[in-house]
Amino acid sequence: MQRVCFLLKVRPDRLAEYRERHRDVWPEMREALSRTGWHNYSLFLRDDGLLVGYLETEDFEAAKKAMAETDVNARWQAEMAPFFEDIDGRPDEHKVPLEEIFHLD
């Protein structure tokens with residue numbers, strides 16, 4: 001199982017709305033994430049907008065590709081794109097994994 005962590009930056013003026021949107025993630029989005037191999041997926045948000053994502057998956061590239069092919073993901077990404085700084089296009093295209101340098105099991 002791969003453990004994947006990535007960083008994005010939410011616009012400071014959109015933090016409250018971003019938090020609110022994630023209190024009620026669409027059921028079909030949740031189902032698609034599970035079906036395409038996104039397990040134990042969490043998002044953490046700091047008050048300055050730093051967003052830390054973490055997930056576990058068998059194959060991150062395959063999970064990203066499968067998710068990118070769903071209709072629900074296209075709609076979600078279109079709605080979420082305005083929340084982020086320093087990205088062009090869809091936020092899911094900017095999830096670059098950090099290098100894992102230590103893990104305590």
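**View 1. Lys95, a buried lysine without a salt bridge.** Lys95 is buried (under 20% relative accessible area, with exposed meaning over 50% and partly exposed in between, for a 1.4 Å probe and protein chains only), yet its side chain has no salt bridge, a term that requires a side-chain nitrogen of Lys or Arg within 4 Å of a carboxyl oxygen of Asp or Glu. The nearest side chain of opposite charge is that of Asp92, 6.3 Å away, where Lys and Arg count as positive and Asp and Glu as negative, while His and the chain ends are not counted. The model is predicted, so local features need pLDDT of at least 70 and side-chain atom pairs count only at pLDDT 80 or more, whereas totals for chains, interfaces and linings use all residues. Residues are numbered from 1 along each chain as its sequence is written, and side-chain values use heavy atoms, with hydrogens and water left out.

**View 2. The surroundings of Lys95.** Lys95 lies in the segment after helix H4 (71–80), helices being DSSP runs of H or I with at least four residues and strands runs of E with at least two, numbered from the N terminus. The side chains of Lys95 and Tyr41 are joined by a polar contact of 3.3 Å, that is, a pair of N or O atoms within 3.5 Å, of which, within protein, one must be able to donate a hydrogen and the other to accept it, and residues adjacent in sequence count only if both atoms are side-chain atoms. Leaving aside residues up to four places away in sequence, Lys95 touches Phe6, Trp38, Tyr41, Phe60 and Lys64, with contact meaning heavy atoms within 4.5 Å.

**View 3. The aromatic cluster of Phe6, Trp38, Tyr41 and Phe60.** A search of the whole structure finds six aromatic pairs, in which rings of Phe, Tyr and Trp (its six-membered ring) have centres within 6.5 Å, with planes under 30 degrees apart counted as stacked, over 60 as edge-to-face and the rest as tilted. The rings of Phe6 and Tyr41 form a tilted pair, because their centres are 6.5 Å apart and their planes stand at 45 degrees. Since Phe6 belongs to strand S1 and Tyr41 to strand S2 (residues 39–45), this pair ties together parts that are 35 residues apart in sequence. Phe6 is buried, at a relative accessible area of 0%, whereas Tyr41, at 26%, counts as partly exposed. Trp38 and Phe60 form an edge-to-face pair, 5.9 Å centre to centre with 70 degrees between the planes; Trp38 lies in the loop between H2 and S2 and Phe60 in helix H3, 22 residues apart.
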